[in-house]
Amino acid sequence: MIRNYFRHELKYFINYFDYINIKNKLLTCMQRDKNSNSDGNYHIRSLYFDDYQNSCLFEKQSGILTRKKYRIRIYNKSNHLIRFEKKSRVSNFIKKESTKISQDIYYDILNNKLKILPNENNNLLTQFYSDINSYLFRPKVIVDYYREAFIWQPNNVRVTFDKNLKSGMLATDIFSDFNTVSINEDNKLIMEIKYDNYLPHFIQNLLSFDSHERYAISKYVLCRKHNKHNNWEDN
């Protein structure tokens with residue numbers, strides 16, 4: 001399990017010019033994520049789950065400040081590392097719980113065959129197993145994009161730029177071949193800032209907060225809009 005505590009998370013839409021400007025500043029004082037490729041990026045593909053009432057989608061659209069969502073995430077389209085994650089929000093704070101799973105467990109989850117043994121010592125999967133049976137959580141949409149990440153170790157500051165956001169539409173197997181559809185918010189990128197207790201002033205200055213408006217961005221919601229079933233999903 002990793003990062004089982006609440007953190008700050010800020011999100012912004014930015015244009016390409018601002019991205020280049022901010023990135024060049026960050027390169028002077030922050031380190032790239034160790035998982036980055038030679039071009040500074042790495043690929044993320046996530047499968048998101050929701051219940052039979054689409055509560056995760058509805059709660060996000062309604063601005064409810066206490067909510068959760070489940071996802072399975074892989075990197076660079078590889079099965080080497082598969083993470084099952086639960087992301088929770090309470091007011092303005094975010095907590096991410098994560099555990100590694102095997103590809104066999106992944107397919108058990110995908111095919112609704114997950115079993116939790118009495119001696120299973122994995123609280124996160126146990127919670128999900130309960131929600132599967134109580135609220136009928138099922139796979140909903142694949143979210144696909146490239147991420148460029150910068151890290152400042154003190155206070156665990158992380159600045160990321162998410163690019164080329166795409167939806168897997170009706171596909172639900174992250175390891176299969178499927179078509180994707182570009183989710184292009186006016187050619188903008190998504191900048192995310194995550195930190196523990198405080199964000200140092202010198203990093204605030206580099207990020208040019210005064211020039212950007214903060215948004216409640218959800219890549220899950222953006223991708224769900226392309227296979228919506230109800231009018232309220234456009235809100």
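Two residues are in contact here when heavy atoms of theirs lie within 4.5 Å. With that in hand, welcome to a short tour of this predicted model.

**View 1. Ile109 and its neighbours in the largest nonpolar core.** Leaving aside residues up to four places away in sequence, Ile109 touches Phe49, Ile72, Phe84, Ile101, Leu114, Leu125 and Phe128. The core around this residue has 39 residues, and Ile109 is among those with the most contacts inside it, as are Phe49, Ile72, Phe84, Ile101, Phe128 and Leu165. Two or more residues each come from E3, H2, E4, strand E5 (82-90), helix H3 (103-110), helix H4 (123-135), strand E7 (138-152) and H6. Another core, of 19 residues, lies apart from this one and includes Ile14, Tyr19, Leu26 and Leu207.

**View 2. The buried side of helix H3.** Which residues of H3 are buried? They are Tyr106, Ile109 and Leu110. Viewed down the axis of H3, these buried residues fall within an arc of 100°, so they line one face of the helix. Just after the helix comes Asn112, with a positive phi of about 60°.

**View 3. Helix H2 and what it packs against.** Helix H2 spans residues 55-62, and its buried residues are Ser55, Cys56, Leu57 and Lys60. Packed against them are strand E3 (41-50), strand E4 (66-75) and helix H6 (219-224). After H2 comes Gly63, which has a positive phi near 75°.

**View 4. Arg67, a buried charge.** Look for Arg67 in strand E4. Arg67 is buried but has no salt bridge, and Glu59, the nearest side chain of opposite charge, is 6.2 Å away. A salt bridge would need the charged atoms within 4 Å. A polar atom of the Arg67 side chain does lie 2.3 Å from the backbone oxygen of Ile64. Beyond four places in sequence, Arg67 touches Glu59, Lys60, Lys87, Ser88 and Arg89.

**View 5. Two asparagines with positive phi.** Asn54 sits in the loop between E3 and H2. Its phi is near 55°, a positive value in a residue other than glycine. Is Asn54 buried or exposed? Its relative accessibility is 9%, so Asn54 counts as buried. Asn155 is found in the loop between E7 and strand E8 (157-167), and its phi is positive too, near 65°. At 16% relative accessibility, Asn155 counts as buried, because the cut-off for buried is under 20%.

Methods: Residues are numbered from 1 along each chain as its sequence is written. This is a predicted model: local features need pLDDT of at least 70, side-chain atom pairs count only at pLDDT 80 or more; totals for chains, interfaces and linings use all residues. Side-chain values use heavy atoms; hydrogens and water are left out. Buried means under 20% relative accessible area, exposed over 50%, partly exposed in between (1.4 Å probe, protein chains only). Helices (H or I, at least four residues) and strands (E, at least two) are DSSP runs, numbered from the N terminus. Lys and Arg count as positive and Asp and Glu as negative; His and the chain ends are not counted. A polar contact is a pair of N or O atoms within 3.5 Å; within protein, one must be able to donate a hydrogen and the other to accept it, and residues adjacent in sequence count only if both atoms are side-chain atoms. A nonpolar core is a set of buried Ala, Val, Leu, Ile, Met, Phe, Trp, Tyr and Cys residues joined through side-chain atoms within 4.5 Å. The arc is that of the directions from the helix axis to the C-beta atoms.
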